[in-house]
Amino acid sequence: MVSIDVPAFYQEWAIRSGGVFDAVAGKGPDALEDIRLAYRTFFQDSFPAPDGVTFGQVNAGGVAAEYATPADPVPGRHLVYLHGGAYLVGDPQGYRGLVGTLVRRLRARALVPDYRLAPEAVFPAAVDDAVAAYRWLLEQEVAPENVVFAGDSAGGAMAVSALVAARDQGLPMPAASIAISPWANLEHTGATMFTLDAVDPSVSREGLRRAAEVVLGSAPHNSPLASPVFADTRGLPPVLIQIGGHEVMLSDAIRLAAKLAEDAVPTRLDVAPGMGHVWHLLAGHLPAADKAVADAVTFAAEHLPVA
């Protein structure tokens, strides 16, 4: 396993995210395609895929996707993982480290949609692709009660909003969902968007504002499928929200938990003091990351077939 300097990683992540915003705006020296490839390589080099997990490509109902399979999966266990990247960057290949860690510990197969990104495909393209991939998985005779959704950042928001969209399309709900550091409110009105703006090691309110302007197109910032704090979440399965205590997204994650609870959705909110965005990536390097991954796996396993 490569050794990671945690503060240096977050600093580099923040710099690369800024390069994404510049490329999208046509202001940077590099093309967006090159930025996306470099972003993938950065994640692959920082978080290599673990041993004992194989990866294969699949067409999931018209959506390119990747399957991650551990050596000893429990029959019937499936995870749908929605990667982060502010809907602008990120892909299954770059997330093999985190997804591989999850599937090894959960002993489940993971379907990771390579959903469309902005600015080429603006809201709600990513949500549409997530729902299409889930629909495809059900068409493979996978029982919904054997599926858990999970995602981080933008994917953490979609771990809720995609289920809202799936419910509205008449699809059965999966067993549970896990929202890691969810970007749940594109209005960015939570108190910690201001109080932690200089504390969050990799994410800033201004960066999120710039991303939202590109991602949303002509849609309003409070669109329920973009900002699930405004969604009708009634009928969703149990949800675990995990958020770092140093994240600008903290207040909006708390607001999302409150909305789910108000809609009678079984909800658990875990706040990890002092942690930054998607600290789960640092499993094996940071005890708090190991705990967060273990907690997520335990939550998922409680709702899936027994090993």
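**Reading the model**

Author: The side chain of Ser46 comes to 2.8 Å from the backbone oxygen of Phe42, and Ser46 itself lies in helix α2. Please keep in mind throughout that this is a predicted model.

Reader: Is Ser46 buried or exposed?

Author: The question is settled by the relative accessibility of Ser46, which is 13%. A residue counts as buried when its relative accessible area is under 20%. Because 13% falls under that cut-off, Ser46 is buried.

Reader: How are helix α1 and helix α2 oriented to each other?

Author: Helix α1 covers residues 6–24 and helix α2 covers residues 32–46, and the two pack with their axes 9 Å apart at an angle of about 165 degrees. Angles over 145 degrees count as roughly antiparallel. The orientation of α1 to α2 is therefore roughly antiparallel.

Reader: Which residues of α2 meet α1, and how many residues of the contact are nonpolar?

Author: On the side of α1 the contact involves Phe9, Glu12, Trp13, Arg16, Gly19, Val20, Ala23 and Val24, while α2 contributes Leu32, Ile35, Ala38, Tyr39, Phe42, Phe43 and Ser46. Sorted by class, the contact of α1 with α2 has two charged residues, two polar ones and, as the number you asked for, eleven nonpolar.

Reader: In which hand does α3 pass α9, and which residues of α9 make the contact?

Author: The crossing of α3 with α9 is right-handed. From α3 the contact draws on Thr101, Leu102, Arg105 and Leu106, and from α9 on Asp290, Val293, Ala294, Val297, Ala300 and Ala301.

Reader: Where are Pro119 and Pro124, and which kind of peptide bond joins each to its partner?

Author: Pro119 sits in the loop between β4 (109–113) and α4 (125–139), and Pro124 is also found in the loop between β4 and α4. Between Ala118 and Pro119 omega is about 10 degrees, and between Phe123 and Pro124 omega is about 5 degrees. The kind of bond in the Ala118 and Pro119 pair is cis, and for Phe123 and Pro124 the bond is likewise cis.

Reader: Ala264 and Val278 each have a positive phi; which of these residues is exposed, and which is buried?

Author: Ala264, in the loop between α8 (250–262) and β8 (267–272), has a phi of about 65 degrees although it is not a glycine. Val278, in the loop between β8 and α9, has a phi near 45 degrees. Relative accessible area over 50% counts as exposed and under 20% as buried. With 67%, the exposed residue is therefore Ala264, and with 0%, the buried residue is Val278.

Reader: Which residues does Gly156 contact, leaving aside neighbours within four places in sequence?

Author: Gly156 is found in helix α5 (residues 154–168) and, at 0% relative accessibility, counts as buried. Its C-alpha is 9.2 Å from that of Tyr81, although Gly156 and Tyr81 are 75 residues apart in sequence. With those close sequence neighbours left aside, the contacts of Gly156 are Gly151, Ala179, Ile180 and Pro182.

Definitions and conventions: Residues are numbered from 1 along each chain as its sequence is written. This is a predicted model: local features need pLDDT of at least 70, side-chain atom pairs count only at pLDDT 80 or more; totals for chains, interfaces and linings use all residues. Side-chain values use heavy atoms; hydrogens and water are left out. A crossing is left-handed if the near helix is turned anticlockwise from the far one by less than a right angle, and right-handed if clockwise. Helices (H or I, at least four residues) and strands (E, at least two) are DSSP runs, numbered from the N terminus. Contact means heavy atoms within 4.5 Å. Axes are lines fitted to C-alpha atoms, for helices over the stretch in contact, and angles run from 0 to 180 degrees between N-to-C directions. Angles under 35 degrees count as roughly parallel, over 145 as roughly antiparallel, 65 to 115 as roughly perpendicular and the rest as oblique. Ala, Val, Leu, Ile, Met, Phe, Trp, Tyr, Cys and Pro count as nonpolar, Asp, Glu, Lys and Arg as charged, and the others, Gly among them, as polar. Buried means under 20% relative accessible area, exposed over 50%, partly exposed in between (1.4 Å probe, protein chains only). A polar contact is a pair of N or O atoms within 3.5 Å; within protein, one must be able to donate a hydrogen and the other to accept it, and residues adjacent in sequence count only if both atoms are side-chain atoms.
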